Amino acid sequence: MNLEESVESLKGIGPKTAEILKKAGIKTVRDFFYNLPKDYENFSAPTTIAAMEPGKVVIKGRVTAAVSHRARFRKLTVTEGVIRDDTGFVKAVWFNQAYRVNQFKPDKEYYFTGSFELRNGRYCLMSPSAVEVDEIERSSGLAPIYVAHGKVKSTDFKRLINNSRDRFAEIPDFLPTVPAGKRRESLFKVHFPESTKSVTEAREYLAYEELFELILAAKLNRSENDKLESLQLPYHNDKINQFVKELPFTLTAAQKKSAWEIFQDMEKSTPMNRLLQGDVGSGKTMVAAMAAYEAVLGGAQVALLAPTAILATQHFEKLSKQLGIYGVKVALLTGATKQKDKLKTAIKAGEINFVIGTHALLTDDTEFKNLGLVIIDEQHRFGVEQRHKLLLKSPSELAPHLLAMTATPIPRSLQLTVFGDLDVSILNELPKGRQPITTKILAETSTRESLYPKIRETITAGQQVYWICKAIDDNPSSEATSVKSRTEKLKKVFPEYKIEFLHGRMKPAEKDVVMERFANGKIQILVSTTVVEVGVDVPNSTLMVIENAENYGLAQLHQLRGRVGRGSVASFCYLLTSGDNQPSRRLRELEKSSDGFYLAEVDLKLRGPGEIYGALQHGALDLRIATFGDTKLIKKARDDIEVFLKNPENMLKYKELMSDIKRYQQLTTLN
Ligand code: ADP
Ligand code: MG
């Protein structure tokens, strides 16, 4: 069987169904077989209608008299039917499932499962799912449930997969490390369950298959990188020591260790491919500065890519001062840069040593003479293509070294799989003298005003305040206060303070002005959207208020909060929640902990990797079956891959596997 053929080649799938399936990402025969049930319904041991008790029930019976009507005041179709068995009858009710009217044949028996509960004074079976008796009796009482896509419902998937029942035998083997036939057998058992145990075993195989692919892809990325050649940049002991000595602070042990790992990488003739992970405020920029200086000393140009103009500008302000005194020529390239052409000519001529910029760096006409090091700040903000573009800007055959930095730590469990073959440096300590940030959840309406004395106290002590709002303008459909109207309101409360706003739709030059004034202490309260989320560093700000905190993800809140607690004064972060709901687990975890590594593990558990790495991997790294917590299976896959790689012929022989791997490689690469 050719698994790459269109789903249309399967029995019962016409052009219309195929169209719907394709939209849902089920394009090929292979996609179709791998469209696994999301769950199973257990129809074993049904009760009789007479014996039903309120709650979830399973019964077996025939349906008579199913009819639909529109509910009067709502856009709702209500379908009602009567289910009978030998002991009695019960009314069944479905909402917006008009197809139920024609689903049941009067002479056929079905299994039903649903909730037996009171509706308008009468006990009914609510929204029961139904399966033909034959099907259940074939399958030991378990019925698969598929995710519905448009008109193609779970029952349609069951029918279609049943049509192709005989074709499972043709599914070829996929991995050399498991017994022959294991794949087709596992897929069959998942779609045609025999018992809970057999489903569990089958899914375990499929999870293994998935992990095998991911880990193999990561390993191959590694070996491909190791085949490239790069400029060797020797370590300049004296110059680096002098630079470090002149700093206004001493480096943390973690900063020293990371810098040392980077220097060693850059001395090699294979390109560095290193991820620098450090919690917010751990001082990643300083490590990047040292790497950049080192590269420039070795005669190479350096590019630093930042996700926002605010951040690029801030890096430029700091680094051009810090490195400028040693003769490094630093330039800023953002969308707002004037005389871009002139700057680009200078970059191309090699007159600029170190370019800091935003996406503007990626345009085709930005060319380098001798690009030897690429640094990507907040790397999870960029897609694969963008990172790739920058790396290709080296005109020679030599590949630049790559240092990617992130404050969104990769949980250990992911480290073992996807990122297992990446070189990682970790800043696992904050600079000395940092005070912990006190975080508090407050129900907004009652307490916003109670914060005012605290704000006054903070500003009187010479410190500054961030106030974060979700929206830029007021919006009638949302109760959330916008940046603009919050600014007006705060100005009335604190007429004596300078209060300004910042948001992503302002012109770059306007943003720069506000940011600079805030950094210089000319603004006391900065009301802002999440444009300040990443990287912004104003150590004198010690209080942050986040309105509608429940609207943000955990990683994002942690990043936002990281804008305070950057100096030596105790900082505070207030999470205002609207409505009467209990604070979510997210917010409670954030209140409890300011350890980004711990929070990343929590986030992985709460949301799954697909969402965390959403930006990083464009949502594609969403495991269907395996979990990153499955260390035993991960270990087995890793061991088997070692064996697999020992035989180079495997790469040629397992074509289907290798074409998957190509795709996964794209997703899990840094460069
Ligand atoms: P992040 O890791 O979040 O990017 P930054 O690089 O912005 O953190 O650093 C946060 C702040 O800490 C900056 O003001 C920086 O100058 C300062 N800093 C960096 N390293 C040290 C150090 N070893 N001791 C004291 N302050 C430091
Ligand atoms: Mg940073």
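## A ligand pocket and a run of paired strands

Visitor: In the hairpin of β5 and β6, which residue takes a positive phi?
Guide: This is a predicted model. The hairpin of β5 and β6 has two residues between the strands. A positive phi near 45° is found there, and the residue that takes it is Asn120.

Visitor: How many bridges join strand β5 to β6?
Guide: Strand β5 covers residues 110–119, and β6 covers residues 122–132. Tyr110 stands opposite Glu132 in β6. The two strands run antiparallel, and the bridges that join them number nine.

Visitor: Do strands β4 and β6 run parallel or antiparallel, and which residue of β6 is the bridge partner of Ala92?
Guide: Strand β4 spans residues 88–95, and three bridges join it to β6. These two strands run parallel. Lys91 stands opposite Cys124 in β6. For Ala92, the bridge partner in β6 is Leu125.

Visitor: Which residue in β4 is the bridge partner of Arg84?
Guide: Strand β3, residues 77–85, is joined to β4 by eight bridges, and the pair runs antiparallel. A hairpin of two residues connects β3 to β4. The partner of Arg84 in β4 is Phe89.

Visitor: Which pocket does the space taken by ligand 1 form?
Guide: Ligand 1 is surrounded by 18 residues. The closest are Gly281, Lys284, Thr285, Arg434 and Asp537. The space that ligand 1 takes is the largest pocket.

Visitor: How many residues in the shell around ligand 1 are charged?
Guide: The shell can be split by class. Five of its residues are nonpolar and seven are polar. The number of charged residues is six.

Notes:
Residues numbered from 1 in each chain as written. Chains lettered and ligands numbered in written order. Predicted model: local features only at pLDDT ≥ 70, side-chain atom pairs only at ≥ 80, totals over all residues. Heavy atoms only, no water. Near = heavy atom within 4 Å. 1 Å grid on protein atoms, 1.4 Å probe; cavity = no way out; pocket = protein on both sides within 12 Å on 5 of 7 lines; lining within 4 Å. Sits in = over half its atoms within 2 Å of the grid points. Nonpolar A, V, L, I, M, F, W, Y, C, P; charged D, E, K, R; others polar. Pairing = 2+ DSSP bridges. Helix = DSSP H or I, 4+ residues; strand = E, 2+ residues; numbered from the N terminus.
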